[in-house]
Amino acid sequence: KKENSWENQEKKINILLEKEEYKKALTFCERAFRKANNNDKQRIKEKYNEIQKAEKGDTDPYKIMGLQSSCSDEDIRAKYKALTKKYHPDSCKMNRDFCEKKLSKINNAFGKIGDKKKRKEFDRKDQGFNMEDFFGGFNRGRSNMGGFQSGRSRSYSF
């Protein structure tokens, strides 16, 4: 029973998180939740939510590179150079597999925000702006005057 206690399970989950193995950590949480007593279930839910946030942050190019979204293009290039130097598998002092994965994430992140045009596109998507949503209220097969839908209001974020 001690081996299945939440404290021991959480230690194993934290090891998975250090390795950035979010899917495995989430699966581990789900199994622990099914076996847990009522006292531990809330703590497991909180850990599960924490993992989901970490997983989402793992795809945000600004967070991967340790930058604010308001940074300059020069800041992005400088940070990219510093990170590629730090995590290059040939010069990295950490585990080679970890460095290769980290460098791959950094390269993908830089691919999304390193170019002005791509960065603008990413930022627009990140803010929830979608051209389909914007023009979606026009001419949807209804014969309303001017092509607007009547009786429905939409809100848009730019």
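**Cysteines and a helix pair**

Reader: Cys 92 and Cys 99, buried or exposed?
Author: Both Cys 92 and Cys 99 are buried (under 20% relative accessible area, with exposed over 50% and partly exposed in between; 1.4 Å probe, protein chains only). This is a predicted model, where local features need pLDDT of at least 70, side-chain atom pairs count only at pLDDT 80 or more, and totals for chains, interfaces and linings use all residues. Residues are numbered from 1 along each chain as its sequence is written, and side-chain values use heavy atoms, without hydrogens or water.

Reader: How far apart are the sulfur atoms of Cys 92 and Cys 99?
Author: They are 2.0 Å apart, and the two residues form a disulfide (cysteine sulfur atoms within 2.5 Å).

Reader: How many disulfides in total?
Author: The count is one.

Reader: Why does Cys 29 count as buried?
Author: Because its relative accessibility is 1%. Cys 71 is buried as well, at 11% relative accessible area.

Reader: Other topic. At what angle do helix 1 and helix 2 cross?
Author: Helix 1 (residues 6-18) and helix 2 (residues 22-35) cross at roughly 170°, and their axes come within 8 Å. Helices here are DSSP runs of H or I, at least four residues; axes are lines fitted to C-alpha atoms over the stretch in contact, with angles from 0 to 180 degrees between N-to-C directions.

Reader: So how do helix 1 and helix 2 run relative to each other?
Author: Roughly antiparallel (over 145 degrees).

Reader: Which residues meet there?
Author: On the helix 1 side, Trp 6, Gln 9, Lys 12, Ile 13, Leu 16 and Leu 17. They meet Tyr 22, Lys 24, Ala 25, Phe 28, Cys 29 and Ala 32 of helix 2, contact being heavy atoms within 4.5 Å.

Key. Helices (H or I, at least four residues) and strands (E, at least two) are DSSP runs, numbered from the N terminus. Angles under 35 degrees count as roughly parallel, over 145 as roughly antiparallel, 65 to 115 as roughly perpendicular and the rest as oblique.
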